[in-house]
Amino acid sequence: MTFPDWKIAPTIPLADLVEGVRSYSWDLPLEGELEHWGQTYAWAPLLHVEAEVARRGEGIVLTLLFSGGAVARCARCLSPAPLAIEGKVRYFYSLRGSDHGETEFTDDQILFLDRSAREIDLATPLWESLVLSLPAVVLCREDCRGLCPCCGADLNREPCHCPVDAADPRLEALRELEGLRDDKEVPEGGN
Ligand SMILES: [Zn+2]
Ligand SMILES: [Zn+2]
């Protein structure tokens with residue numbers, strides 16, 4: 001998974017953060033593709049990001065909202081399917097600083113900012129949230145009919161000419177099961 005080279009750095013200068021709430025927004029260019037969940041997502045060119053940062057004393061609550069898009073293959077018919085990406089995630093920071101001098105997570109999910117930090121770098125939280133928001137199963141539309149398992153025809157475009165019985169190998173297994181049940185029932189019925 002490649003981390004994008006954001007051409008606009010999504011950061012929040014700590015000097016900005018006086019008591020109260022501040023808002024920021026960016027339109028971050030995204031390019032290329034991401035391999036995830038065993039498939040390929042081609043990014044839409046822009047990711048819109050809004051950040052709301054609330055500071056109270058040494059505590060900072062960061063709320064990130066992002067919206068963008070990607071194109072991936074439909075799980076049923078394999079045609080390219082555009083998908084909207086939206087996400088909202090919240091992070092908690094403390095300006096108290098850590099003993100180790102590094103930004104780190106604790107059990108209660110508070111990020112302690114290094115005492116010498118000058119900004120909050122949003123690149124990592126944003127990228128993590130973005131990747132997590134990608135759907136594992138993409139459909140071109142809710143009722144996509146998919147491909148015929150026999151001849152591979154796209155059933156959204158036209159019905160194929162495969163016999164209905166042969167269209168789904170799972171039906172064959174079902175029929176076999178039914179056959180077994182019939183065999184059992186025959187001697188019972190005969191008594
Ligand atoms: Zn489809
Ligand atoms: Zn067919």
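Predicted model: local features only at pLDDT ≥ 70, side-chain atom pairs only at ≥ 80, totals over all residues.
First, some bookkeeping. Residues are numbered from 1 along each chain as written, chains are lettered from A and ligands numbered from 1 in written order. Local features need pLDDT of at least 70, side-chain atom pairs count only at pLDDT 80 or more, totals for chains, interfaces and linings use all residues, and side-chain values use heavy atoms, without hydrogens and water.

Start with the zinc ion (ligand 1). Its protein donors (N, O and S atoms within 2.8 Å of the metal, or 3.2 Å for Na, K and Ca; water is not among the atoms, so sites may look incomplete) are the SG atoms of Cys74, Cys77, Cys140 and Cys144, 2.3 Å away. The spacing along the chain is C-x2-C-x62-C-x3-C. The site is tetrahedral, with angles of 106 to 113 degrees among the 4 donor atoms; for four donors, that term needs all angles between 85 and 135 degrees.

Buried or exposed? Buried means under 20% relative accessible area, exposed over 50%, partly exposed in between, with a 1.4 Å probe and protein chains only. Cys144 is buried at 5%. Cys140 is partly exposed at 32%.

Now the zinc ion (ligand 2). Here the SG atoms of Cys148, Cys151, Cys160 and Cys162 lie 2.3 Å from the metal. Their spacing reads C-x2-C-x8-C-x1-C. This site is tetrahedral, at 106 to 112 degrees. Cys148 is buried at 4%; Cys151 is partly exposed at 45%.

Last, the rings. The whole structure holds 2 aromatic pairs. One of them is Tyr24 with Trp26, with centres 6.0 Å apart and planes at 5 degrees, so it is stacked. Pairing takes Phe, Tyr or Trp rings (six-membered ring for Trp) with centres within 6.5 Å; stacked is under 30 degrees, edge-to-face over 60, tilted the rest. Tyr24 and Trp26 are both buried.

Conventions: Tetrahedral: all angles 85-135°; square planar, octahedral: opposite > 155°, others 65-115°.
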